[in-house]
Amino acid sequence: MEEGEKVLRRRKGSVYGSVGGLECQASGSGCGLNDADEVERRRLTSERWEERRAVIRALAGVTIFLMAGAAFYHVWEGWSWVSSAYFCVVVATTVGYGDLTPSTPVSKLFTVVYVVVAVMIILAALASLFEQVMDSQERLLVNRLLNPEGCVDDLAGCQSMTASEKMEVLTSFGTFFIIGLVGSCILGHLEHLSWLDSIYFTVVTASTVGFGDMEPNSESTRLFASIWILISTISLAHAIGTLSSVRAAVRQRVLAYQTIHTSLSRGDYRALDRDQDGQISQIEYLTGMLVKLGNVDQILIDEILERFHDQDRDRDGEIDMDEAGLALQD
């Protein structure tokens with residue numbers, strides 16, 4: 001098994017070296033393994049910045065959406081800016097206390113559209129969160145295959161959360177706990193609530209249940225609640241998403257362990273032997289296992305290999321710089 005780990009690490013180095021080499025050649029500079037690692041590091045950094053920019057754009061869009069709604073209710077309902085913004089936040093987060101409601105036909109018609117759009121935005125945010133979770137699981141699976149962490153020969157290690165995963169879960173729920181505690185203290189002080197009512201109010205609000213038996217009454221409370229409701233609901237959703245992500249990672253590791261350590265049956269052997277030559281090559285075994293783990297689709301692999309064969313014009317099993325369309329530079 002140690003030899004298998006060495007092979008995986010060598011393959012990782014060769015893949016990064018090949019990709020980095022092509023990029024460095026395209027840029028007209030020399031390339032070594034360290035240069036290829038630097039190219040990979042820059043690529044990952046670029047992806048992280050793109051994710052952050054996407055979050056910033058989403059926050060800007062939500063802010064504009066809430067402010068547009070607040071402007072409408074400020075004009076048509078005569079509410080203060082604070083109360084108008086507070087109402088839009090309560091609607092967008094589906095808390096729905098019921099302390100403020102539209103009274104005019106125009107406001108009611110606008111609210112119908114506003115609620116539908118708000119729900120669509122929430123669903124889009126959840127879909128984006130799910131997509132990020134799936135992307136993180138894909139990266140996590142590849143990292144576990146290339147850098148096994150206490151899960152190579154130990155099923156118990158696969159079934160347990162790693163130290164980093166435990167810290168991630170504790171951090172996310174700890175953050176929500178602190179946000180809830182701060183909200184409970186401030187809302188309790190502003191509304192003169194008991195400690196039990198304060199905790200009850202914050203939990204009902206953060207979970208978007210919003211019974212309506214308790215709601216902010218003063219302008220100062222509504223101003224604080226407008227900000228706190230957004231932060232607390234997002235924090236709770238992030239904590240739940242993190243826990244779900246870690247649980248999915250554990251299940252994926254167990255599946256990977258069971259798949260890799262289970263002896264091949266005749267059916268498995270025939271399925272892995274794609275060219276039907278009676279032998280399983282390293283690339284056939286690797287791609288077959290990834291397909292079995294559900295991380296790669298066989299159709300996608302076939303399309304990639306077909307693209308490789310199209311570029312390998314001399315059919316020597318390799319793509320040189322000329323075939324790749326890249327001119328060598330001194």
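Modeller: Contact here means heavy atoms within 4.5 Å. This is a predicted model, where local features need pLDDT of at least 70 and side-chain atom pairs pLDDT 80 or more, while totals for chains, interfaces and linings use all residues. Residues are numbered from 1 along each chain as its sequence is written, and side-chain values use heavy atoms, without hydrogens and water.

Colleague: Which residues of α8 meet α3?

Modeller: Helices are DSSP runs (H or I, at least four residues; strands are E, at least two), numbered from the N terminus. α3 spans residues 81–92 and α8 residues 219–261. From α3, V82, S83, A85, Y86, V89 and V90 take part, and their partners in α8 are E219, R222, L223, A225, S226, I229 and L230.

Colleague: How many residues in the contact of α3 with α8 are nonpolar?

Modeller: Ala, Val, Leu, Ile, Met, Phe, Trp, Tyr, Cys and Pro count as nonpolar, Asp, Glu, Lys and Arg as charged, and the others, Gly among them, as polar. Two residues of the contact are polar and two charged, and the nonpolar ones number nine.

Colleague: Where does α8 bend?

Modeller: The bend is the angle between axes fitted to the seven residues ending at a residue and the seven starting there. A225 also belongs to the α8 residues that meet α3. The bend is about 25°, and its position is A225.

Terms used. Axes fitted to C-alpha atoms, helices over the stretch in contact; angles between N-to-C directions.
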